[in-house]
Structures are given as structure tokens and as C-alpha cells.
Amino acid sequence: MFRDATYTDLTRTEAAGEETAAFVMDEETFRGFYERTARGLWAYLVRVTGDRALADDLLQETFYRFLRAAATYESESHRRNSLFRIATNLARDARRRSLIRAGSILMGERIENVPSSVDAAVSERNADLSRALANLKPRERAMLWLAYAEGASHEEIAGVMGLRASSLRPMLFRIRKKMAALLGRKPEGGAR
Amino acid sequence: MRHVECRFEEDVLSAVVQSRWPERVDPQLQAHVEGCGICSDIVAVAGTLDADHDEMLSAAVIPEAGRIWWQAQLRARREAAEAASAPITWAQVAAFASAMGLIGACFGASSTWFQAALGSIKSGVSKFELAAFVSSVAAAVGHAAFALGLVLIVLLVPTALYIALGRD
């Protein structure tokens, strides 16, 4: 299927003279956009799904759906938000499928300790973070990551998650508090 | 009332993501964070996630853009071909079914025994006579195997053809 084709196969097929599929975006633009967004999107998918292999698959699927969407975008951030919205929906669908399959390990219950760093302090922090994230719902993980790792605005997060921007602040407040408690920095602090 | 926002949270978040926290921030802001649940949560959560984000970006192993592009091209082509072939398949099935129907109609129009059986059924039904009905049924049953075969051809062959082509 998708990942099985080799680069040589692809080149050979192209050399055979088949027509180029019509995407709205040209290859050069896509390459630039991919270079700017793919790593961040991969990190997002790994943290939301908790599964590195699944994140690899969803990354490719996300870019394919993005290319096939044939949409035009007002700006780079609009385009980027659209990409993350596609990824969020795919991650949600993947979770539903895993729930339907009712496997012994449901997506998100096992959060991989992603970057394998030789730095002990970093490894410990990753382990703490992975444990904390495993106790959040996928949607909560997504919102936190977009807000504090991707630096997205409330409007952008609302667009990606399909929520109203006005409801985002109290939701983020609650999830952030939960996450802080899970990280063990604060047992349960109240608001000011 | 329970507050969900603090007017300093944007400043605190900026300091954290710009790696200015805690050394390069105003001492007053530091003092505020110590007493503010919202801002201290932001420091804890944003600091951890932002650091993890940087780690993951450097650790990420992603396919080359060109590979993704050409795989997408191949897949789009394949899906377009599949989408284009689906209506043709349906058209083929419909044409075949029509042809079978036409053959059946010609057979019905030219076969004397079939017309006789139909006439018997018609008269039997119109007169509500049991004896005539039984005789017409008996006449039809005499050729039931042939009629059944015709029905099977008209109904089942297009279905089988569709399934066979659909699997391809």
C-alpha cells in the first residue's frame, strides 16, 4: 500500500509517462510547506495518539488528505490550521477504530516515551510527561499541545478542534490544572 | 467566583516559551506567579510541553517531502482510476441486464407455448375458475425449468458479473 512503494518504483512510474495527478498545490510549494510543518505535526500526532507507528501513518495520511482537499488558503497559518484539523480528525477516527476493535491496549492508554535521549534528566522528564499525558483524554492532550507546544491562539485551537473559541479558555484552564497536578508540580491549586 | 484567567498569563507564557523564565523576567512577575494558581500552572505545563516539543522536533524522523509527494500522486491516480471505472461497471451491468430482458421479451413474443400458458393464466384469473387456474398452472409447470432458468439468467448473471468485476 502507501508506504510499500519505493522511491525507485515511483521514479520508474513517472518515467513511464503517466499523467501527474492534479493537486491544487504544486510540488515546490508542497515541499516548502512540508519542511515547515511535518516535524511539528509528527510531534503532535505522537503526543495525541501516544503511538509512534500510528503517528507515522497518520502523518502521511494527513498530508495526502490535505493535498486532495483541493482547497485554497488565505494564509500560511490558515493552511497550517487546516493541516492540523485533518490530523486531529484522523487521530480521532483512529481512536474510534481502536475502541471498536477493543484491543487490550487502547490508543492513548500507552503513551510512548518518545525521544530516546542519552540525557538522564531529559529522559526522566519525558517519562513524567508520558505518564501525565496518558491520564488525559486525547482531546485534552491535543488542546494542551496546540496551546503550549505549538503556541496556537485560542481561535486557532478552536478551529482545529471544532470548538467555539469562547468555550476554550475555561476548558484550557481545567485541563491545565489537571495536567499540572499530574506532573506533580502542584497538588491542587485554586485560581487566584 | 472562580477565575479561569489572569491578566499576566500571556506575559508568563511568553517568558516560558522564549526561554526567559525564570532568570530573565521581572522579579514582580516572578512574585506574582508564586501566588497565582493560574500562572504557576502555565509555568509548569507550558514549560514541560515546550521543552518536550523542542526535543521531539530534533528527534523526529520523517519521510522526505519528495517521497510523500510522489506517493500521494500515485495514490491519487489509483483512486481516480478506481472512481472512473466504477460507473463503467454499473453501466456494463445495466446493459447486460437490458440485453437479457430483451432476449426474454423476444422469447415471450415468439414462443407459442409460453403465450398459451400466459393466456391460460389470464383467463383463469379473470374468470376466477379453479379448474382453469389449475390447468394454466399445470401448463406453466410443464415448462417451469425453462422459465426458472430464464429468470436466473436475467437476475443472477448481472449480479455475478458485477461481483466479479468489482473484485478486480
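Read along its sequence, chain B of this predicted model follows the pattern α-α-α-α-α-α-α. Its secondary structure amounts to seven helices and zero strands. Of the 168 residues in chain B, 19% are buried. Among the contacts in chain B with a separation of 6 or more, 59% are between residues 24 or more positions apart.

The loop between helix H1 (9-17) and helix H2 (27-35) of chain B holds Pro22(B), which is joined to Trp21(B) by a cis peptide bond with omega of about 0 degrees. Ser19(B) also has its place in the loop between H1 and H2 of chain B. Phi of Ser19(B) is positive, near 60 degrees, in a residue other than glycine. Most residues other than glycine have a negative phi, and most peptide bonds are trans. Ser19(B) counts as exposed because it has 12 C-beta neighbours inside 10 Å, and the exposed class covers residues with 12 or fewer.

Ala70(A), although not a glycine, has a positive phi of about 55 degrees. Ala70(A) is placed in the loop between H3 and helix H4 (76-101) of chain A. With 10 C-beta neighbours inside 10 Å, Ala70(A) therefore counts as exposed. Elsewhere in chain A, helix H7 (residues 154-161) has as its buried residues Glu156(A), Ile157(A), Ala158(A), Val160(A) and Met161(A). Just after H7(A) comes Gly162(A), with a positive phi of about 75 degrees.

The two chains meet through 51 residues of chain A, which are in contact with 42 residues of chain B. On the side of chain A that touches chain B, two or more residues each come from helix H1 (7-15), helix H2 (27-49), helix H3 (52-68), helix H5 (120-134), helix H6 (138-149) and helix H8 (168-183) of chain A. H2(A) gives the most to this side, with 11 residues. By class, the side of chain A that touches chain B consists of 29 nonpolar, nine polar and 13 charged residues.

One helix pair illustrates how the chains meet. Two packed helices are described by the angle between their axes and the distance between the axes. The axes of H6(A) and helix H3 (residues 37-59) of chain B come within 9 Å and cross at roughly 80 degrees, so H6(A) is roughly perpendicular to H3(B). H6(A) makes the contact with Leu144(A), Trp145(A), Tyr148(A) and Ala149(A), and H3(B) with Val45(B), Ala46(B), Leu49(B), Asp50(B), Asp52(B) and His53(B). The residues of this contact of H6(A) with H3(B) comprise seven nonpolar, one polar and two charged.

How values were computed:
Residues are numbered from 1 along each chain as its sequence is written. Chains are lettered from A and ligands numbered from 1 in the order in which they are written. This is a predicted model: local features need pLDDT of at least 70, side-chain atom pairs count only at pLDDT 80 or more; totals for chains, interfaces and linings use all residues. Two residues are in contact if their C-beta atoms, placed from the backbone, lie within 7 Å. Helices (H or I, at least four residues) and strands (E, at least two) are DSSP runs, numbered from the N terminus. Ala, Val, Leu, Ile, Met, Phe, Trp, Tyr, Cys and Pro count as nonpolar, Asp, Glu, Lys and Arg as charged, and the others, Gly among them, as polar. A residue is buried if 20 or more other C-beta atoms lie within 10 Å of its own, exposed if 12 or fewer, and partly exposed in between; C-beta atoms are placed from the backbone. Axes are lines fitted to C-alpha atoms, for helices over the stretch in contact, and angles run from 0 to 180 degrees between N-to-C directions. Angles under 35 degrees count as roughly parallel, over 145 as roughly antiparallel, 65 to 115 as roughly perpendicular and the rest as oblique.
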